[in-house]
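Me: I have a model open and want to learn to read its contacts. Can you take me through them step by step?

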Amino acid sequence: MSERPRKIEITDPVEITVDGQTVTAQSGELLIEACERAGAYVPRFCYHPRMEPVGMCRMCLVEVDTGRGPALQPSCMLPVTPGMAVDTTGEKVAKAQDGVLEFLLANHPLDCPVCDKGGECPLQDQTVAYGPGESRFVEEKRHYTKPIPISETVYLDRERCILCDRCTRFAKEVAGDPLIHFAERGAQTEVATFPGEPFSSYFSGNTVQICPVGALTAKPYRFKARPWDLEESESTCTGCSVGCRVTVQSSRNEVLRFQGVDSDPVNWSWLCDKGRFGFEAGNSEDRLGEPLLRDGGELRPARWSDALTAAASALKGADADRVAVLGGARLTNEGQLAWARLAKSVVGTDHVDAQLGDGLPAEVVLDLPGATIDEVCAPGGTVLYLGPDPKEELPVLHLRLRHAAVNDRVKIVSVSPVATGLSEFAAADVHPRPGETAVLVAALFGGDVPSDGVAGVPAEQVLAARELLSGAQDLKVVVGRQNLAESAAVMVDAVAAVRAAVPTATFLPALRRANVRGALEAGLAPGRLPGRATLEAPGSWKDAWGSLPKSVGRDAEGILTAAAAGRIDVLVLLGADPLSDFPDRDLAAKALDAAGTVISVDPFVNASAARAADVVLAAAAFGEVAGTTTSLEGRVTTLAQQVTPPGTARADWLLAVELADRLGTDTKVATAEDLWAQMVEGSAAHAGASTEALADEANVDGVLLALDGSGFTAPAATQVPPQNSYSLRLVVNRSLYDHGTLLSHCPSSAPLSREATLVLGPADAESIAVTTGSPVKVTAQRATITAVATVVDSVPRGTAVLHHNLADADADGVDPGRIVIAGEPVTEIRVEAG
Amino acid sequence: MARFSAANEQLARSIVSRYPLPKSATIPLCHLAQEQDGHLTDDAMGHIAELVGCTAAEVLGTASFYEMFKRHETGTYCVNVCTNISCLLLGGEELLEHAEQKLGVRPGGTTADGMFTLEDVECIAACTEAPALQVNYRYFHQITTDEFDQLVDDLRAGKLADEIPPHGTLGKVRQEIPADKVANITPPEQQTEPVWIARHRLAAEAAAPAEGGES
Ligand code: SF4
Ligand code: SF4
Ligand code: FES
Ligand code: FES
C-alpha cells in the first residue's frame, strides 16, 4: 500500500519500552504508531492513520505492562503513557495474533486465486506472517451473492468482508456521505446500502483502496491485472488543481490504476473518484496517435512533417497582432514555458490566455499574499470562503476543509450565491444575490447593516457572520469563480473588499483547471511573463528571450471577440475547447468560425477542433510525459512518465520547441529539464524548486513556490445594475461530472453526469406554479431555452441555477452557454412555466 | 402507507424535540413506524432519516440490529415459539412442528390471510414455564398442542383483540404529556450545549495540539 512513514514532531516526549528498547514517543500518540516508528510494525486491519481508531479487528494486540502486570491490549486504541513496557513479538502476542486470524478466516472464503486483492492483501500477507497454517473450522461459511454493485463503480463481496469498519468509517468521518453502514448483527453483520440509495459518493474509490481485503473492488480495475504485474511510479493527479499525490500503476504500457499517496500537506492519501478513475481517458480509443489536417472539410490523418509545416507556415505568415493562443492549463510546467516563449517571444503576440473566461485574473492568483491548504485548514482558524463549491470542483480540498471544520475547530464563513457542499459544516453560510458578493463581503467587515439586509442576505445573518470574522486572527481567504454567469470582476471586487478591511489576510486561489496556476506562473496570460514578471517589468526574460510583445494583449474574452470580428488569423487552442469551456458558447462558436487558421494541440479531437481546427497536433497526455506541475497553492510536484503515448503523439513542450525551431529560433532546449532549469533560473519565486531539489528525499511532497505576492491593486469596482423584480439572476456553476473532454472519455465516470435542469428555489417555483419535473421556458436577453425544472431548498429566492457544460451544444440543449453574454456583470433571466 | 401519516409525522416531530440530538429519536421513530404499518417499511426508514437528519442507510443500520423491528410484511400476530434448552426438553420442538402444521407456514413465514407470522426463537426467559411462546410478545406458558389450536382460533375470531393489539403496537394508551406537566425541556434550537457534550468538547480543546500539555 502507498503508505509513507509518518514524520511527527515530538514536542511532549514520553519514554516507553518497546521490545526491550527505550523509545521516545509523543504524549497522547497511539501505541501502534509509536511502535511502528520504533521499527516494530504491529499488524492491523481496522486501524488507519487518517481515521479515528475503533478497535474492531483485534489484530494489533500487543502485551502491555503499565505497572500492573502484562496484559494484551489493542495498540491502536491505547495512547502511550510514561514507562509503558510493550512486547510486540512474544509468545502470548503471537498466540493472540494467530487466534485473531483464525477467527477472521472462519468466515472468509478461499477466494485468493480469483480475488483482485491477492498479492497486495493485508489479510493474505498477515495470515502468512502471523497466522495459523491451517484452519480448524470445518463448518459451512456464510454465503452471500457474490459481488453486488453498491454504486456505479464499486462492488461489494460480502463474503470477503472482515468487518473492519474502514469503508463505513471513511464514508461517515471523512467523506461525510454515510451511505454505507453496517446492517444486521453478529455473524450476519454486513456492509449495506439502503435499497435504492447507492453509495454514490464522489469519494467512493477510497474505500476500495483502504479495504484490507478484496471485499470492495472498483469496476475500472476488476480483473485487469495482478499486483505483481504492475509497474508504478509516483506522480500528481491532474484531474483538478488540488494536486493530489498518486501512484500511477500500469501493466503492458497501459495505465490501470491510481492509488492515493499520503501527502501530508495535500491529500492525506485520499483521491476523488473523478481523479482516481480519470486515467481511463488516456486509454480511450479516441486518443489521437497522429496529427490531423483538414482536407476538403474533413480532418484527416497526416504526417508530422506536413502538420508541423502547416502550423509553422500559418504562424510565420501572420501578423503577430493577429495571432492568439488560448489554453495551456492542461500542460506540464515545462510545456507551458515552452509555449509561452513560442507565443510571446518567437511569434511575438501577447494575446495569450490560459483561462477561458472561467477563471480569475492573473493578479489575483499571483500577486496576492498566498495561503497554503495547510494554513487554511490550521486548527482553530477562521476562513472566509469565496470559492466555488469545493465538493464539485476541488473535491479533496473539500475533504480537507471538512476535516478542518468538523475536527479542528476551523470556522468557515462561506459566501456563495447558492448552498454548496460546505454549507453543512460552515459556521456561517450566506447567499448574496449573484453579482453582489463584493457588497456583502464589505458588509461582513463593518458599516451599517440596513434592516432589510445586504445583497439579499438578512441582516441577522450578516451580523452573525461579521461576529465570526471579527475575532479572526490571521484571516485566510479562499477565492475562486462561483458563477460563470457573472463577470470575474465581481470576485476581484470581493478580494479588494477583503484587502481594504483586513490587509493581513492571505489568499488561496481555488481555480479548478489542473495546472492553471503553473500556466499563469509561466506567463500564459496577457501582460505576464514567466516567474511573475510582466511586460512592464520583464526582469531577466528580456535577455533570455530576446524580443517581447510591445503591448499588453487580450484575454480570452477579448481574443474570442476579436476572432469573431475576423481580426484573428491564427488561433492556437492549447488543450482548450472554447466551445465547451467558455461561458458564452455563442461567442466561442462565432470566433471559431471566423478565425483564420485554427491549430489545436490536444490528445483528442475536442468539440472546437472538430468544428474549426485546420491542424490538430496530437499531444501526449497524463502519464505519458515527465515533468512538473503546480497546484493551486503553488506547490510544484513531479509528474511521472509511466507509459508511452499512443502512436506518435508528442509532448506539448516538444511541439513548441519544434515549432520555434521551424520559425527560426533555437530555444536551446533538448529536454524538459532544460526548460525547467530556465524557469528556475529566471524566477525568484521558483528558486527552491529545481529538478535536483524536487528529487531530494526531503521534498517528497514537492516544493512550495514563494507566496509573497504583493502587486495586487484593486481595480475600479464593477457596476452591477439593480435586480429587476420580474427576473431571476442566473448562477452557472459546475458539477464534478460534466461533459468535459476527458470525462466523456472515461467509461466509468461519464454515465455519472447529472441531467441538465434549471434549478430553482421553492418560493420562485411556487410563484410560477412549477414543481420538479415541470417544463419551463427560460428567456434571457439573447435567447430563450426550454428546460425541466428542479426545485431545491438550497437555492435562495431570486436566483436560478444552470450547470455548466452538462448539455451538448446542439440547438435544444439546456445550455447556459446559449444565454450567458461574455462581459456582462450579471445574467438576468425570466422563467415561466412552459 | 409507508411514510408517516400527517398525524404521526407531527407526533414524530414532537418525539424528536424531546432529545438534545435529533438522531437519538431514531429508535422511538422506528417503533412509531412499525406501529403504523405493522412492520418497518423502507419508505418509513427514509422518512425517519429525513426527520432525524441522517441517511436512510444509517437508519437501516440501527434498525436491522434489533430483532423486534421487522423489515418485512408481518402478520397481525407474530407467534414466537421457543425452542431453546428448557422448552426443547419439554416439547418446544414438537410445539413448533404442530404450529407449522396448524398455520401452514414454516418459521419466518406469514399465513396467506396475513394473520400470523410464525417464528422459531431462542430463550424468551420463561424457562420455568416451558414450553413457552409469545404472541406479539405476550407470554403463553406451558402450552399444549390443543391449547395452541384454541389460541389460534381465538385470535382468528378476535376474542383476544383487547389483550393483544396488532403487531407493532407499543401500548394501548399513548403517553400524552399535558402542557402543565411538561418537564420544562427547552426545544433543541434554544438549548445550550448539553453538559456532557460540552465536557467532551472542552476536553478535546484542552488536548488540542497547540497546548499539548500533559495532565
Ligand atoms: S468491506 Fe472492506 S473496508 Fe469495509 S468493513 Fe468490510 S473489510 Fe472493512
Ligand atoms: S481532488 Fe483533484 S487532484 Fe485530487 S484526486 Fe480529485 S481530481 Fe485529482
Ligand atoms: S488495528 Fe487495532 S483493533 Fe484493528
Ligand atoms: S428456553 Fe424457552 S424460555 Fe428459556
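Me: What should I keep in mind first?

Reply: This is a predicted model. Side-chain atom pairs count only at pLDDT 80 or more.

Me: Which domains does the assignment give for chain A?

Reply: Start with the bounds. Chain A has domain 1 (13-104), domain 2 (300-359 + 515-704), domain 3 (363-509) and domain 4 (728-833). Note that domain 2 is written as two segments, 300-359 and 515-704.

Me: How do domain 2 and domain 3 of chain A meet, and how many residues does each give to the contact?

Reply: Take the centres, then the contact. The C-alpha centres of domain 2 and domain 3 of chain A lie 32 Å apart. Domain 2 gives twelve residues to the contact and domain 3 gives 15. Together they bury about 1100 Å², with 62% of it on carbon and sulfur atoms.

Me: Now the two chains. How many salt bridges cross between chain B and chain A?

Reply: Three, by the rule. One of them joins A:Arg185 to B:Glu67, with the closest N and O atoms 3.0 Å apart. Six residue pairs are in polar contact across the interface. On the chain B side, α3 (42-52) and α4 (56-63) each supply at least two residues. The largest share, five residues, comes from α4(B). That side divides into six nonpolar, six polar and seven charged residues.

Me: What about area and residue counts for the chain pair?

Reply: Chain B and chain A bury about 1500 Å², with 57% of it on carbon and sulfur atoms. Chain B brings 19 residues to the contact and chain A brings 18.

Me: Last, the ligands. What classes of residue surround each?

Reply: List the shell, then sort it. Ligand 1 has 13 residues around it, and the closest include A:Cys161, A:Cys164 and A:Asp165. Its shell has eleven nonpolar, no polar and two charged residues. Around ligand 2 are residues including A:Cys237, A:Cys240, A:Cys244 and A:Cys272. That shell has seven nonpolar, three polar and no charged residues.

Conventions:
Residues are numbered from 1 along each chain as its sequence is written. Chains are lettered from A and ligands numbered from 1 in the order in which they are written. This is a predicted model: local features need pLDDT of at least 70, side-chain atom pairs count only at pLDDT 80 or more; totals for chains, interfaces and linings use all residues. Side-chain values use heavy atoms; hydrogens and water are left out. A residue is near a molecule or strand if one of its heavy atoms lies within 4 Å of it. Ala, Val, Leu, Ile, Met, Phe, Trp, Tyr, Cys and Pro count as nonpolar, Asp, Glu, Lys and Arg as charged, and the others, Gly among them, as polar. Contact means heavy atoms within 4.5 Å. Buried area is the accessible area (1.4 Å probe) that two parts lose on being put together, summed over both. A salt bridge is a side-chain nitrogen of Lys or Arg within 4 Å of a carboxyl oxygen of Asp or Glu. A polar contact is a pair of N or O atoms within 3.5 Å; within protein, one must be able to donate a hydrogen and the other to accept it, and residues adjacent in sequence count only if both atoms are side-chain atoms. Helices (H or I, at least four residues) and strands (E, at least two) are DSSP runs, numbered from the N terminus. Domain bounds come from an automatic or database domain assignment.
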